[in-house]
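This report walks through one protein chain.

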Amino acid sequence: MILWTTKLDCSCRHSPQRFAPCGYYLPSDLTSTLRCFLTMFLNFNIWKNCMRYIRFGSAVRRSFIVKSPAETLNSGWNLGEQLPGMSEAALYVHWPYCERRCTYCNFNKYIARAVDQEAMRYVMTKETETLIQLSELKCVTSVFFGGGTPSLAEPQTIAAILDTIAKWAHIPYNAEITLEANPTSSTISRLTEFKNAGVNRLSIGLQSIQDKDLKILGRNHTANEALHMLAEAKKLFPGHSSVDVIFGRSGQTLELWEKELQELLQLCDNHVSLYQLTLERGTQLYKQNAVSHHNINYWQGGQYIGVGPGAHGRFSLRKDGKMQREARIQTLEPDIWMKEVLQFGHGTRKRVAQNKLDILEEALVLGLRMTNGISHQHWQKMSPTVGLQEVFSMCPEFKDLTEQGFLILDQRGLRCSWKGLALLDSILPTLLIQLQVSFTDSV
């Protein structure tokens, strides 16, 4: 499963979340975008695998920054603050329920005949409160309601969770509050209510604007509903709506996909995420003013709290008088998770303490998935005694990778070339081993 991202004009904004290690810059004009996309399509020999639907729930979403927006760099985020003691984080809320399971989906979701909305509202706000208190957060920089289908939650549930966050931490006035939504008639009718509840960005699961393909994918909306929701979202959230679209669908030819993409680029607001249903590796791109501030926090190693069944988190809490960063996973099954929240205040099933090497490894893996890579200044804040040059410059395998043009280590820092991004998964093991060796030697 691959995510490509483009935008309709020269400014850019984007939202990541799970997938691919290589990247291409997509031009802003339609003709050049299509030409670039079709070139990528053929070069990666993708089409021969396009009819294979695959499981994608276990994939790791990765994202690249074509140009890091000034507002992102100046938003107060600091790699040094990712170490134990940081007082700000993003917050992800996982709504686990859907009306049906799509034919390609393997996410942690559940089909329930009836959902006790009041009970879910109570336990979600309870877990939110507990985890914010444990982390001693002072500021929640963004909130993302994902799923499942979080647009099935009642708007008052969204509002209650946001109220709970605001009760225990500061939410900046311009914080990004994203809701994933499926374009059904019932959801469209409630968009204004979700906006009034505090949502200011919509991520629409469009997937296709062809009715026959929507049926193949197991979607429960029509093409007309999809286009209607897109139009309403552009009115209610101008400049702050994105759509997910799947290509490589059964029976889809290159010509049909080109036609559909042309139509989408004319209709969409400012952000299109293209998912390919194959085992091929691909990219997730940004352009200036087309980033999701919430998701970019993941890729820059920031703290985030995960609320809801199966949600993941990375945040610091006080232990034995010291702040210790932990990786946390909440209980998968909603019923069991609810019981645990009612009993303990949260449904954390697994918690793993992260040492400095763990944090550096994640910073390396995630940082190299961004086109800007990792600057010396950011690395130094996490590793004051061992710089990027000290870690990698004496490694023969690293030298080979730079001589072959896959990696670049200069005054800016460490980053991948375009062809290096395409092979990043095969490059990372070498870099991680060298980091472990250097870190062990420095201790």
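Arg-369 and Asp-425 form a salt bridge (a side-chain nitrogen of Lys or Arg within 4 Å of a carboxyl oxygen of Asp or Glu). Their closest N and O atoms are 2.9 Å apart. The pair ties together distant parts of the chain, 56 residues apart. Arg-369 sits in the loop between helix 12 (356–367) and strand 16 (374–375). Asp-425 belongs to helix 17 (residues 424–442). Helices (H or I, at least four residues) and strands (E, at least two) are DSSP runs, numbered from the N terminus.

Arg-369 is buried, because its relative accessible area is 2% and buried means under 20% (exposed is over 50%, partly exposed in between; 1.4 Å probe, protein chains only). Asp-425 has a relative accessible area of 26%, so Asp-425 is partly exposed.

## Basis of the model

This is a predicted model: local features need pLDDT of at least 70, side-chain atom pairs count only at pLDDT 80 or more, and totals for chains, interfaces and linings use all residues. Residues are numbered from 1 along each chain as its sequence is written, and side-chain values use heavy atoms, with hydrogens and water left out.

## Other charged pairs

Side chains of opposite charge can pair when their charged atoms come close. The structure holds 11 salt bridges. One of them joins Glu-176 to Arg-201, with the closest N and O atoms 3.8 Å apart. This pair also spans distant parts of the chain: Glu-176 is in strand 7 (residues 176–181), Arg-201 in strand 8 (residues 201–207), and 25 residues separate them. Both Glu-176 and Arg-201 are buried.

Lys-212 and Asp-213 meet in another salt bridge, at 3.3 Å from N to O. Lys-212 counts as exposed, because its relative accessibility is 51%. Asp-213 is buried, because its relative accessible area is 3%.

## Helix 3 against helix 11

Two packed helices are described by the angle between their axes and the distance between the axes. Here the axes of helix 3 (residues 117–135) and helix 11 (residues 334–344) come within 9 Å and cross at roughly 55 degrees. Helix 3 is therefore oblique to helix 11. The classes are roughly parallel under 35 degrees, roughly antiparallel over 145, roughly perpendicular from 65 to 115, and oblique for the rest. Axes are lines fitted to C-alpha atoms, for helices over the stretch in contact, and angles run from 0 to 180 degrees between N-to-C directions.

Which residues meet at this crossing? Helix 3 brings residues including Ala-119, Tyr-122, Val-123 and Lys-126. From helix 11 come Trp-337, Met-338, Val-341 and Leu-342.

## Cysteines and a buried tryptophan

The disulfide count is 0, with a disulfide taken as a pair of cysteine sulfur atoms within 2.5 Å. Cys-98 is buried, with a relative accessible area of 4%. Cys-416 is buried too, at 7%.

Trp-257 lies in helix 9 (residues 254–267). Its relative accessible area is 0%, so Trp-257 is buried.

## Overall makeup

The protein has 17 helices and 18 strands. Of its 443 residues, 58% count as buried. Contact means heavy atoms within 4.5 Å. Among contacts with a separation of 6 or more, 77% join residues 24 or more positions apart.
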